[in-house]
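Me: I have a structure open and would like to go through it with you. Could we begin with a term used for packed helices?

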Amino acid sequence: MTSRDSYNIRVLGQELYDKVSSSKVLLIGAGGIGCELLKNLVMSGFKDIEVIDLDTIDISNLNRQFLFQKQHVKQAKAHVAKESAQKFNPSAEIKSLQCNIKEAQFSVQWFKQFTMVLNALDNLEARRHVNAMCLAADVPLVESGTQGYFGQAYVIKKDETECFDCQPKITPKTYPVCTIRSTPSEPIHSNEVAALNRETEELKAIKEAAGSPDYTKKIFSKVYETDIERSLTMESMWKNRQKPTPLHYDELENIMSDIAEKGGLEDRKVWDLKENFEVFKSSAKKLSTRLLKEREVHSDAILSFDKDDDDAMDFVTAASNLRAHIFGIEKNSLFDVKSMAGNIIPAIATTNAIISGLVILKAFGILRGEYKNNPRVYLHTSSRLISEANSDPNPNCSVCRSRSAMVSVDFEKATLRDLINQVLLLPVDEGGAGMEQDEIAIMDGSRMIYDVDFEDMADIPMKEAGLKPDTILRVTNDDGDEIDLIMEANNTEELIKLSSPLPKLVFKVLVKRKMEEESEEANKRVKTMHTIVDDVILLDLDNADDDIVLLD
Ligand SMILES: Nc1ncnc2c1ncn2[C@@H]1O[C@H](COP(=O)(O)OP(=O)(O)OP(=O)(O)O)[C@@H](O)[C@H]1O
Ligand SMILES: [Zn+2]
């Protein structure tokens with residue numbers, strides 16, 4: 001036993017320590033939160049850890065992802081994180097995978113081997129996927145995230161708490177191109193125009209003029225002079241708006257200044273007009289020189305935008321500020337533009353550290369069997385921690401409120417008809433779905449494979465119908481019941497068999513489904529169901545007669 005272990009026994013107590021050291025944990029993501037978390041896991045006594053990350057280390061990760069150093073740049077995050085974290089507690093067994101967690105090899109069955117899953121991801125799609133997999137595998141998940149000084153950590157457990165998708169998520173803002181091209185009104189508009197310009201016509205012009213002595217002048221004059229003067233001729237556009245003021249290259253060139261290019265300009269300072277002009281010229285020149293060099297190797301080389309490319313960020317900042325000046329919009333520092341153009345909020349190491357610590361506390365809670373009573377924790381401004389009770393699943397959530405079960409299948413022989421007869425029509429008290437034949441619909445992802453008017457695939461072997469192990473079939477009926485059937489290859493003689501009885505119906509929502517999904521209005525109504533008029537909720541808690549509750 002290492003001294004780390006005896007220390008952990010004293011801190012956690014023997015009972016929790018034993019649970020910690022015998023549990024198997026999956027950590028998804030080895031970025032800002034993931035690095036902190038992996039270090040915390042090994043230091044607090046977790047011994048069996050699998051870490052997965054699809055990415056390689058970028059130089060910009062080094063300021064906060066402290067398991068990585070300069071010599072690791074371009075190596076796989078998961079492998080380097082494992083090597084570095086291992087040193088904190090050599091008795092821990094860490095397995096690393098450089099993969100996308102959405103790959104088919106990480107099946108529901110694979111997820112089932114873990115005591116818990118810890119998410120340290122940075123995107124909605126992967127979070128949604130892991131949420132669905134953990135629900136299907138019935139493995140508790142700790143979800144976490146940070147944005148600047150804000151952060152949160154909470155537990156998701158099937159049937160006990162809200163899942164990741166129980167509450168609608170705000171989708172990132174987009175701006176209509178036509179509006180921002182002609183009449184930008186906020187700083188972010190100008191930035192996007194600069195980015196768009198760079199990506200479309202104006203960048204093409206820069207590329208074509210690259211190498212010629214007056215190419216920056218050409219592009220400058222087109223975007224900031226000719227285009228603006230043209231738009232000024234459309235009188236009606238400026239009736240209720242401030243008119244733009246074109247910029248003239250030669251006039252700016254003649255302003256006396258000792259700045260030759262960006263050298264010495266601070267990233268957090270808002271540059272003045274002349275400074276933006278000089279940075280525009282120098283960054284455009286550097287970008288085009290780079291392009292010409294790359295074209296010597298590949299004739300069709302292009303430059304693509306990367307928020308961590310200094311020349312690209314200088315160009316976008318200066319170009320958007322020049323345009324902001326024309327439209328009388330406030331200019332921004334390079335630091336601010338980087339947040340907007342890269343659609344990022346700067347990551348803060350301290351926030352990641354606080355949230356990772358909380359994730360470990362949530363994980364201890366899971367090992368003590370605390371789900372609903374394992375409060376969500378939010379980190380707010382002024383470093384205040386706020387805890388909030390974990391909520392029940394949203395009865396209208398289409399992700400966690402559908403029932404799911406594993407079905408073992410002989411894909412070579414069993415047909416959808418077998419599935420219908422032996423699982424879906426099977427009475428509820430025999431562990432089946434108790435559905436009616438003519439109201440069943442079966443979907444394989446977005447592909448309809450069976451309903452009463454489409455039986456083409458009902459009598460062919462499932463393999464021929466394109467079904468394979470780990471397919472998740474969604475079965476619905478006219479009552480709005482939803483059942484997810486996770487199809488696994490069978491290891492018995494039987495054609496088809498439910499691995500476990502279907503979970504009983506807890507909440508059955510018979511609203512006419514018009515209120516579902518997408519629209520904000522619908523989402524509001526889902527959250528406050530008592531305001532729904534004319535909708536009916538059917539609670540069938542014990543599978544006895546349905547109770548009908550009318551909502552006023
Ligand atoms: N589908 C996925 N499968 C595996 N790993 C993923 C998946 N999606 C995201 N990740 C990983 O999750 C981690 C999230 O970490 P973080 O938020 O710190 O992002 P980052 O890319 O390292 O930093 P930044 O975006 O701030 O430059 C990243 O390392 C990323 O590679
Ligand atoms: Zn849910």
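Predicted model: local features only at pLDDT ≥ 70, side-chain atom pairs only at ≥ 80, totals over all residues.

Me: Is the crossing of helix 1 and helix 2 left-handed or right-handed?

Reply: The crossing of helix 1 with helix 2 is right-handed.

Me: Which residues make that contact?

Reply: Helix 1 contributes Asn 8, Ile 9 and Leu 12, while helix 2 contributes Gln 14, Leu 16, Tyr 17 and Val 20. By class, the contact of helix 1 with helix 2 has five nonpolar residues, two polar and no charged.

Me: And at roughly what angle do the axes of helix 1 and helix 2 cross?

Reply: They cross at roughly 125°, and the axes come within 7 Å. Helix 1 spans residues 3-12 and helix 2 spans residues 14-22. The angle makes helix 1 oblique to helix 2.

Me: Let us change topic. What surrounds ligand 1?

Reply: Ligand 1 is surrounded by 21 residues, the closest being Gly 29, Gly 31, Gly 32, Asp 55 and Asp 122. The shell divides into eight nonpolar, eight polar and five charged residues.

Me: Do strand 9 and strand 13 pair in the parallel or the antiparallel sense?

Reply: Strand 9 and strand 13 (residues 482-489) pair in the parallel sense over seven bridges. Within this pairing, Ala 405 has Leu 485 of strand 13 as its bridge partner.

Me: How many bridges join strand 12 to strand 13?

Reply: Five bridges join them, and the two strands run antiparallel. Arg 474 is bridged to Asp 484 in strand 13. Their hairpin has five residues between the strands, and Gly 480 takes a positive phi near 90° there.

Me: What about strand 10 and strand 12?

Reply: Strand 10 (residues 441-444) and strand 12 (residues 472-476) pair in the antiparallel sense over four bridges. Asp 444 stands opposite Leu 473 in strand 12.

Conventions:
Residues numbered from 1 in each chain as written. Chains lettered and ligands numbered in written order. Near = placed C-beta within 6 Å. Nonpolar A, V, L, I, M, F, W, Y, C, P; charged D, E, K, R; others polar. Axes fitted to C-alpha atoms, helices over the stretch in contact; angles between N-to-C directions. Parallel < 35°, antiparallel > 145°, perpendicular 65-115°, else oblique. Left-handed = near helix turned anticlockwise from the far one by under 90°. Contact = placed C-beta atoms within 7 Å. Pairing = 2+ DSSP bridges.
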